[in-house]
Amino acid sequence: MHDIQKLKNIASQVRRDIVRMVHACQSGHPGGSLGCTDFLVALYFDAMKRKEGFDMTGKGEDVFYLSNGHISPVFYSVLAHAGYFDKSELATFRKLNSRLQGHPTTHEHLPGVRIASGSLGQGMSVAVGHAVGKKLDKDPNLVFSLHGDGELQEGQNWEAIMYASHNKVDNLIATVDYNGQQIDGPTSKVLSLGNLKTKFEAFDWKVLEVENGNDMEEILKVLDEAKSLTGKGQPICILLKTEMGYGVDYMMGTHAWHGKAPNDEQLQKALDQLEETLGDY
């Protein structure tokens, strides 16, 4: 059974971490981080099979790749709450010599991070490659990945998407944060993605949709379904319709907070809306 309340408590605390981290250094990307919080909490604290500790190979466990690396605040917070490193390290976000850089890097050797993901459009290729490696190693575990919808404007994604279906990479579950926003505005105006469901299906992927990507029950249901469909000859795509800035009213529904830090007054307003459930770092 899923412990919904536990997951919601973690998500609330992660959201507090996000706004505090970005405020403290006056830099970062709170909008997409807040929108993807529920998904990453559901993934790390329910859906994924994880071993104790961390090794880069990921043998004998499920692995995750963050492709849209600018949402590092939510990634770091979730990793810390999942035990990969101490939560107190969140206070070093984006500081000189910190392991928690604005975009995840591997040379810092931060537990939980397997690829550097500052440049968009590359995570799909890496995730597909690792999934193929697991099949060759006869490792029955899965590869999960997360991508921005605007990120799919990068052509490398579609080469990897085509490769995955051609080679029946059916141990891969790729999720698209389908919030319709990118740094310059709505994706529909910057460079329309058209019908993503039809596009993925045309590349012979199995596509699942989540209408409310900030509803924990819906997310858990689709992750259960996605896992049940692995091993059947098709890679799986989840189109997760989230709302950028979810949980903080003045950040929701706009691209304005894609990469903008709140001031002192805005921080307090955000914290007033987010329950402290597990204790602030």
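Reader: Starting with tyrosine 44, which residues is it in contact with, if I leave aside its neighbours within four places in sequence?
Author: Tyrosine 44 is in contact with Arg50, Phe64, Phe75, Val78, Leu79 and Tyr84, where contact means heavy atoms within 4.5 Å. Please keep in mind that this is a predicted model, in which local features need pLDDT of at least 70 and side-chain atom pairs count only at pLDDT 80 or more, while totals for chains, interfaces and linings use all residues. Residues are numbered from 1 along each chain as its sequence is written, and side-chain values use heavy atoms, with hydrogens and water left out.

Reader: And which residues touch the most other members in the largest nonpolar core?
Author: Tyr44 is one of them, together with Val19, Leu43, Phe64, Phe85 and Leu223, in a core of 60 residues. Another core, of 25 residues, lies apart from it and includes Ala131, Leu152, Trp158 and Ala160. A nonpolar core here is a set of buried Ala, Val, Leu, Ile, Met, Phe, Trp, Tyr and Cys residues joined through side-chain atoms within 4.5 Å, and buried means under 20% relative accessible area, with exposed over 50% and partly exposed in between (1.4 Å probe, protein chains only).

Reader: Ok, switching to helix H4, which of its residues are buried?
Author: The buried residues of H4 are Gly123, Met124, Ala127, Val128, His130, Ala131, Val132 and Lys134, and they pack against E1, E2, H5 and strand E3 (172-177). As for the names, helices (H or I, at least four residues) and strands (E, at least two) are DSSP runs, numbered from the N terminus.

Reader: How does the span of H4 compare with what it should be?
Author: The two agree, because the 14 residues of H4 should span 20 Å at 1.5 Å a residue, and its end C-alpha atoms are 20 Å apart; the expected span is 1.5 Å times one less than the number of residues. After H4 comes lysine 138, whose phi is positive, near 60°.

Reader: Now charges: how many salt bridges are there?
Author: The count comes to twelve, with a salt bridge taken as a side-chain nitrogen of Lys or Arg within 4 Å of a carboxyl oxygen of Asp or Glu.

Reader: Which residue does aspartate 280 pair with?
Author: Aspartate 280 forms a salt bridge with arginine 16, and the closest N and O atoms are 2.8 Å apart. This pair links distant parts of the chain, since aspartate 280 is in the segment after helix H9 (264-273) and arginine 16 is in helix H1 (residues 4-25), 264 residues apart. Aspartate 280 is partly exposed at 27% relative accessibility, whereas arginine 16 is buried at 9%. Arg16 and Asp280 also belong, with Glu276, to a network of salt bridges.

Reader: What about glutamate 61, what does it form a salt bridge with?
Author: Its partner is arginine 114, with the closest N and O atoms 3.3 Å apart. Glutamate 61 lies in the loop between helix H2 (30-47) and strand E1 (63-66), and arginine 114 in the loop between helix H3 (72-81) and helix H4 (123-136), so the pair ties together parts that are 53 residues apart in sequence. Glutamate 61 is buried at 3% relative accessibility, and arginine 114 is buried at 11%.

Reader: Next, aspartate 149: where is it?
Author: Aspartate 149 sits in the loop between strand E2 (143-148) and helix H5 (156-166).

Reader: Is it buried or exposed, and how far away is the nearest side chain of opposite charge?
Author: Aspartate 149 is buried yet has no salt bridge, and the nearest side chain of opposite charge, lysine 241, is 10 Å away.

Reader: Then which backbone nitrogen does its side chain reach at 3.1 Å?
Author: The side chain of aspartate 149 reaches the backbone nitrogen of asparagine 179 at that distance, and a polar atom of the aspartate 149 side chain lies 2.6 Å from the backbone nitrogen of glycine 180. A polar contact is a pair of N or O atoms within 3.5 Å; within protein, one must be able to donate a hydrogen and the other to accept it, and residues adjacent in sequence count only if both atoms are side-chain atoms.

Reader: And asparagine 179, where does it lie?
Author: Asparagine 179 is in the loop between E3 and strand E4 (181-182), and it is buried, with a relative accessible area of 12%. Its own side chain reaches the backbone nitrogen of glutamine 181 at 2.8 Å. Not counting residues up to four places away in sequence, asparagine 179 touches Asp149, Thr242 and Met244.

Definitions and conventions: Lys, Arg positive; Asp, Glu negative; His and termini not counted.
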